[in-house]
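Open your viewer and keep the selection tool ready. We will go stop by stop.

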Amino acid sequence: MKPTFWNNTKLYYDLNSYWQNLFGCRVQKLQIDAGFTCPNRDGTISRGGCIYCDGRGSKLRQAGPLPSVGEQIHRGREYYRKYRKATKFIAYFQTFTNTYAPHEKLKMLYDVALEEDDVVGLSVGTRPDCVSKEVVSLFESYAKQKHVWLELGLQSIHDKTLQFLNRGHSAAQFLEAVDRIAGRDILICVHIIVGLPGETHTDIMETAEILAKLPINGLKIHALLALKGTKLGTLYQRGDISLMSREKYVSAVCDILEIMPAEMVMQRLTADGYRDIFLGPDWAVNKLSVLNALDGELEKRDSYQGLRYKI
Ligand code: SF4
């Protein structure tokens, strides 16, 4: 039997249900581009970036000078109040590496984001090698009063894959980051990619098995997307790599869901890319269809998240 505490009709613990359970209302993430860069792009680690990263980071940056964090929050709240009936919000620092700045600057940006009473928390995307003790202490201070997530990009637990992707960090650095953050009321969400070149199904499941045992609270999964202007896109256009089929992706994600703990919040199970630079896989463009296929596969298996979780 699937867990009743999810209070949803799904076969996994989705983010909206989690927030509805926690806050008793519709909660919406407000995407923020605070103008950060990334050590894997600015020359500190490398200049090329991860091979799949398009380097644009944000639609906002394409449109001219960035609005302030306060203005982005204000605009987002108005929009989601009106069109999604959201009443509480999470400030989501999404673009590039959102802990990659001096402590004072980070504090100033996060403080602005949390000024409004209905902004009940923070979610901050970053790299495992950009989570120093000072950064963790800062988040711990917010976590005393607010709902705080740190989102760590990992993609794969295999160093050979991380090197191929030019991630610029190792699996060991990821594990150290989790160790630094855990046990401090900060929630941890990990991002992984399914369908990475050179990875077998066993490799994918090894990543998932390690994550299932770690003190993490959320997971974001998506397929490898090829975008124009990236190294990965060029490899794809040349025919040097192939992308995963929808059937294989759906099956792998269901395998992952089955071994994750029931409490782990599935923040994302598929993603698409910018339409103007999107190369493939074609099926990823239709997110709803992928989600429906995931539901269908779990139903067919008579399965759900956590069915095969081993303590
Ligand atoms: S860590 Fe993120 S922002 Fe930096 S290069 Fe990789 S994908 Fe791009």
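## A walk through the sheet

Two strands pair if DSSP finds at least two bridges between them. Helices (H or I, at least four residues) and strands (E, at least two) are DSSP runs, numbered from the N terminus.

Two notes before moving on. Residues are numbered from 1 along each chain as its sequence is written. This is a predicted model: local features need pLDDT of at least 70, side-chain atom pairs count only at pLDDT 80 or more, and totals for chains, interfaces and linings use all residues.

Now select residues 147-155, strand S4. Is this strand enclosed or open? Eight of its nine residues are buried, so S4 is largely enclosed by the rest of the structure. A residue is buried if 20 or more other C-beta atoms lie within 10 Å of its own, exposed if 12 or fewer, and partly exposed in between; C-beta atoms are placed from the backbone.

Look at the partners of S4. Strand S5 (residues 187-194) runs parallel to S4, and six bridges join them. Strand S3 (residues 119-126) also runs parallel to S4, again with six bridges. Pick Thr126 to find its bridge partner in S4, Leu152.

S3, H5 and S4 form a right-handed β-α-β unit. Right-handed means that, with the strands pointing away from the viewer, the path from the first strand over the helix to the second runs clockwise.

Return to S5. Six of its eight residues are buried. Strand S6 (residues 218-223) pairs with S5 in the parallel sense over six bridges. Val190 stands opposite Leu219 in S6. From S5 the chain crosses through helix H8 (residues 201-213) to S6, in a right-handed β-α-β crossover.

## The core

Select Leu122. Which residues does Leu122 touch? Not counting residues up to four places away in sequence, its contacts are Ile90, Ala91, Tyr110, Ala113, Leu114, Tyr142, Lys146, Val148 and Trp149. Contact here means C-beta atoms, placed from the backbone, within 7 Å.

Leu122 belongs to the largest nonpolar core, which has 93 residues. Such a core is a set of buried Ala, Val, Leu, Ile, Met, Phe, Trp, Tyr and Cys residues joined through C-beta atoms within 7 Å. Ala91, Ala113, Leu122, Leu150, Ile188, Val194 and Val253 touch the most other members. Helix H10 (residues 246-259) gives the most to this core, with seven residues.

## The ligand shell

Select Cys38, Asn40, Arg41, Gly49, Cys50, Cys53, Phe96, Thr97, Arg127 and Gly153. These residues are around the ligand; each has its C-beta atom, placed from the backbone, within 6 Å of it. The shell divides into four nonpolar, four polar and two charged residues.

Select Gln155, in strand S4. Its phi is positive, about 80°, although Gln155 is not a glycine. Gln155 counts as buried because it has 22 C-beta neighbours inside 10 Å.

Jump to Asn7, in the segment before helix H1 (15-23). Phi of Asn7 is also positive, near 50°. Is Asn7 buried or exposed? Asn7 has 11 C-beta neighbours inside 10 Å, so it counts as exposed.

Finish at Gly280 and Pro281, joined by a cis peptide bond with omega about 0°. Pro281 lies in the loop between strand S9 (278-280) and helix H11 (287-301).

Key: Nonpolar A, V, L, I, M, F, W, Y, C, P; charged D, E, K, R; others polar. Contact = placed C-beta atoms within 7 Å.
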